[in-house]
Amino acid sequence: DTGVSQDPRHKITKRGQNVTFRCDPISEHNRLYWYRQTLGQGPEFLTYFQNEAQLEKSRLLSDRFSAERPKGSFSTLEIQRTEQGDSAMYLCASSPRLAGFDTQYFGPGTRLTVL
Amino acid sequence: RKEVEQDPGPFNVPEGATVAFNCTYSNSASQSFFWYRQDCRKEPKLLMSVYSSGNEDGRFTAQLNRASQYISLLIRDSKLSDSATYLCVVNRASGTYKYIFGTGTRLKVLA
């Protein structure tokens with residue numbers, strides 16, 4: 001399977017715990033995005049990488065959220081001291097390096113439930 | 001005002017009908033426009049990009065109106081399999097890869 005993969009697919013945690021999600025983009029895609037989606041809403045932009053550089057980060061992201069993309073390959077999204085309001089689907093997407101080709105390919109998402 | 005606004009629907013239409021959705025955006029500097037389709041509990045998938053001159057892909061036609069800052073999606077001869085949520089996507093501004101998604105419009109095609 002050469003699509004975007006995410007791990008885990010589901011995560012249940014208690015409030016206050018830290019969680020980390022992983023995203024493996026399509027090989028050679030240089031752009032990688034993280035989004036959050038809640039029921040009845042469209043995906044909400046969290047952050048964006050071009051290769052290993054984090055170029056944009058949403059102001060909605062508090063200091064509890066951090067993302068990395070070491071070596072420009074896979075990416076991790078960490079949420080510290082989780083809150084019930086963090087419960088959502090976390091989607092990762094990647095897009096190719098070709099200029100003007102902005103198609104984003106999404107992974108299946110990680111569904112987070114904070115109890 | 002939201003940056004990208006869509007009527008959430010649902011739009012309930014019979015098979016074979018023609019249905020149109022509009023999406024308005026607030027940032028006149030936006031340059032890239034897309035329609036994505038999202039099935040229930042699945043990830044979004046690109047349906048089509050929207051070009052300035054308008055474009056068609058089979059039963060689907062997308063239009064861009066920069067003056068009024070909206071894009072549209074027309075679906076002809078609706079199929080049951082077209083039932084999904086259609087997401088309007090706009091980039092924040094030229095030169096940025098930050099994309100803003102609308103809340104989506106739900107379409108139900110009825111037999």
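Let us start with B:C40, which is exposed because its relative accessible area is 69%; exposed means over 50%, buried under 20%, and partly exposed in between, with a 1.4 Å probe and protein chains only. This is a predicted model, in which local features need pLDDT of at least 70, side-chain atom pairs count only at pLDDT 80 or more, and totals for chains, interfaces and linings use all residues. Residues are numbered from 1 along each chain as its sequence is written, chains are lettered from A and ligands numbered from 1 in the order in which they are written, and side-chain values use heavy atoms, leaving out hydrogens and water.

Strands here are DSSP runs of E with at least two residues, numbered from the N terminus. Both A:C23 and A:C92 are buried.

Now to chain B, where a disulfide joins B:C23 to B:C88 at an S to S distance of 1.9 Å. With -70° about the S-S bond, the link of B:C23 and B:C88 is left-handed. Strand β3 (residues 19-25) of chain B holds B:C23 and strand β9 (residues 84-91) of chain B holds B:C88, so the pair ties together parts that are 65 residues apart in sequence. B:C23 and B:C88 are both buried.

Back in chain A, take a look at A:T47, found in strand β5 (residues 44-50) of chain A. Is A:T47 buried or exposed? A:T47 counts as buried because its relative accessibility is 0%. Leaving aside neighbours within four places in sequence, A:T47 is in contact (heavy atoms within 4.5 Å) with residues including A:Y33, A:W34, A:Q54 and A:A67.

Finally, a word on confidence, given by pLDDT, which the predictor assigns to each residue from 0 to 100. Chain B has a mean pLDDT of 93, with 98% of its residues at 70 or more. Confidence in chain B is lowest in strand β10 (residues 99-101) of chain B, at a mean of 92, and highest in strand β11 (residues 105-110) of chain B, at 97.

Terms used:
Helices (H or I, at least four residues) and strands (E, at least two) are DSSP runs, numbered from the N terminus. A disulfide is a pair of cysteine sulfur atoms within 2.5 Å.
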